[in-house]
Amino acid sequence: MVNFADKLNKKRFRPSQASYWSKCAAFQRLTSNLSEQESGDPAREGTCAAWVADVVLMDHDGMTCSDLIGETHPNGWLVTTEMAADVQLYVNLVRSYGGEVVAEEYVTASENPLIAGSLDSSIVSSDNGILRIIDLKYGRRIVETTAAQLIPYAFGKLSKVPAFPNLVNEIHLSIYQPRAFHKDGIYRTRVVTVEQLTSEFTELWNMAVEGEKPDAIATAGSHCADCEAAAGCVTLAQTTYNLVHFVNSREHRNMTPVELSRELDMMEECEKTIMARFKAVRSEAEARAKHESIPGWGISTKKGNSTFTASGVTISLLTGVDPYEKKLCTPAELLRRGATEEQLKSLTTRPETGHKLARLSENDIAKMFS
C-alpha cells in the first residue's frame with residue numbers, strides 16, 4: 001500500500017530546489033522517480049548547522065551553541081567548535097531584532113500545485129511592520145539574496161501572519177553565510193514590498209504549474225549544476241554538444257567593445273553549462289566505476305596533504321629545524337573569535353595584487369558616476 005504522505009512528498013515543490021524547477025519545468029518530472037541519493041558532506045554539514053541553530057533558537061532556558069559541541073546530528077555530522085561559534089553569531093543576529101522568532105517552520109506557499117518547505121528562521125516585528133526571512137547558508141558556494149528559494153518561503157510565511165495586510169509593510173529577504181566571502185559581507189538583505197513578493201511568487205507558481213504536466217519541457221543552463229537528473233538529461237547533453245560544434249572558416253576580424261561584451265556573456269553561460277554537464281557525468285561515472293567497467297576510465301587513489309608521524313622533538317633532533325611556528329591568526333579567524341567588522345576594517349588592508357576582468361553590477365556602475 002502506498003503511503004499518502006510519501007506520495008504527496010514526491011509531488012511537493014520544495015523551495016530549497018526552486019533554483020531548478022523555476023528555470024526547468026521538467027525538473028520535477030525527471031527527478032521524481034530517481035532513487036534517494038545519499039547526501040554529500042557539504043549538505044550533511046549544512047543540515048547539522050541548521051539543526052544547531054534550530055535547537056538553540058527554540059530553547060528558552062539559556063542554551064548556547066557551545067552546549068552542543070561534540071554532539072552528533074542524526075546524519076552523522078559532528079558539531080565542532082568552529083560550527084558552534086559561527087552559528088551562535090547567526091542566533092545572536094536573529095534574536096537582536098526582537099519580535100516573534102520562529103525557526104524551522106513548515107510553510108505552504110500554495111496548495112495546487114503544492115509548494116511547501118521549512119524555512120530556517122522568520123521574525124515578525126509588529127512595531128515596524130517588517131517580516132524578516134533569514135536563511136542560514138553554511139556552505140561556501142555564494143548564495144545571493146535574489147535566490148528563488150526565498151520567495152516561496154516568504155510568501156508561505158506571510159500567509160500565516162494574522163491580518164498581514166495591516167501588520168506587514170515590507171519583507172526583508174536575507175542570507176547569512178558565515179564561511180563565504182561576498183562583497184556585501186556575510187549578512188545581506190533584499191527588501192521587497194508585499195506586491196513585489198506576490199508578483200515574484202506568481203512567476204514561480206506558473207513554473208510549478210508547468211512542472212506538473214506529464215510532458216513538461218526541460219531547459220538547460222547554468223542551473224543544471226548539481227541537478228540529480230543532469231547525467232541522463234538529453235536536453236543538457238545535446239545543448240552541450242551544440243556549444244562545441246566545430247565550423248571551418250578563413251574569416252577573421254576584431255570584435256567591437258559591444259560584441260566583446262556580448263561574447264563574454266555567451267562564453268560565461270557556455271562555461272557554466274558545460275561544467276554542469278561534466279560534473280554530472282563525472283559523478284555518475286565515479287559511482288558506476290566501482291562496480292562496472294568504464295572503457296578508458298578507472299578509479300585512482302587521491303592523496304591528501306602529508307602529515308608527520310614523529311613528535312616535534314624527534315623532528316627537531318633529526319633535521320635541526322624547529323617545526324613549531326608562532327604567528328598571527330588570520331583576519332577571518334579574528335572575526336570568528338569575536339572581533340567586529342568595524343574593528344577588523346581598521347586593523348587590516350587588502351592590497352591589490354593585479355587586475356582581472358569582472359562583471360560590473362548596478363552598484364559598481366553607480367559608484368563610477370558618484
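## The largest cavity

The largest cavity has a volume of about 100 Å³, where a cavity is a set of points, on a 1 Å grid over the protein atoms alone, at which a 1.4 Å probe fits but cannot get out. Grid points are joined across faces, edges and corners, and a volume is the space filled by probe spheres set on the points. The model is a predicted one, in which local features need pLDDT of at least 70 and side-chain atom pairs count only at pLDDT 80 or more, while totals for chains, interfaces and linings use all residues. Residues are numbered from 1 along each chain as its sequence is written, and side-chain values use heavy atoms, with hydrogens and water left out.

Lining residues are those that have an atom within 4 Å of a point, and for the largest cavity there are 13 of them, with Cys24, Phe27, Cys224, Cys227 and Cys233 lying nearest its centre. Sorted by class, this lining holds eleven nonpolar, two polar and no charged residues. In this sorting Ala, Val, Leu, Ile, Met, Phe, Trp, Tyr, Cys and Pro count as nonpolar, Asp, Glu, Lys and Arg as charged, and the others, Gly among them, as polar.

## The second largest cavity

The count comes to two cavities of 30 Å³ or more, and the second largest cavity has a volume of about 40 Å³. Its lining is made up of Ala50, Ala53, Asp54, Leu57, Tyr90, Ala103, Glu104, Asp120 and Leu136. The elements that give two or more residues to this lining are helix 4 (41-57) and strand 1 (100-110), and helix 4 provides the largest share, four residues. Helices (H or I, at least four residues) and strands (E, at least two) are DSSP runs, numbered from the N terminus. By class, the lining of the second largest cavity divides into six nonpolar, no polar and three charged residues.

## The second largest pocket

A pocket is an open set of points with protein on both sides within 12 Å along at least five of seven lines, and the second largest pocket has a volume of about 870 Å³. It is lined by 28 residues, of which Phe181, Ile186, Leu335, Glu341 and Leu344 lie nearest its centre.

At least two lining residues come from each of helix 5 (81-96), helix 12 (331-336) and helix 13 (341-347), and helix 5 gives the most, with five residues. The lining of this pocket has twelve nonpolar, six polar and ten charged residues.

## Backbone details

Glu104, one of the residues lining the second largest cavity, is found in strand 1 and has a positive phi of about 45° although it is not a glycine. Because its relative accessibility is 33%, Glu104 counts as partly exposed, a class that lies between buried (under 20% relative accessible area) and exposed (over 50%), with a 1.4 Å probe and protein chains only.

Asp226, in the loop between helix 8 (194-211) and helix 9 (234-243), also has a positive phi, near 70°, in a residue other than glycine, and at 35% relative accessibility Asp226 counts as partly exposed. The peptide bond from Asn112 to Pro113 is cis, with omega near -5°, and Pro113 is found in the loop between strand 1 and strand 2 (115-125).

## A buried isoleucine

Ile315 has its place in helix 11 (residues 312-319), and it counts as buried because its relative accessibility is 13%. When its neighbours within four places in sequence are left aside, Ile315 is in contact (heavy atoms within 4.5 Å) with Phe308, Ala310, Gly320, Val321 and Pro323.
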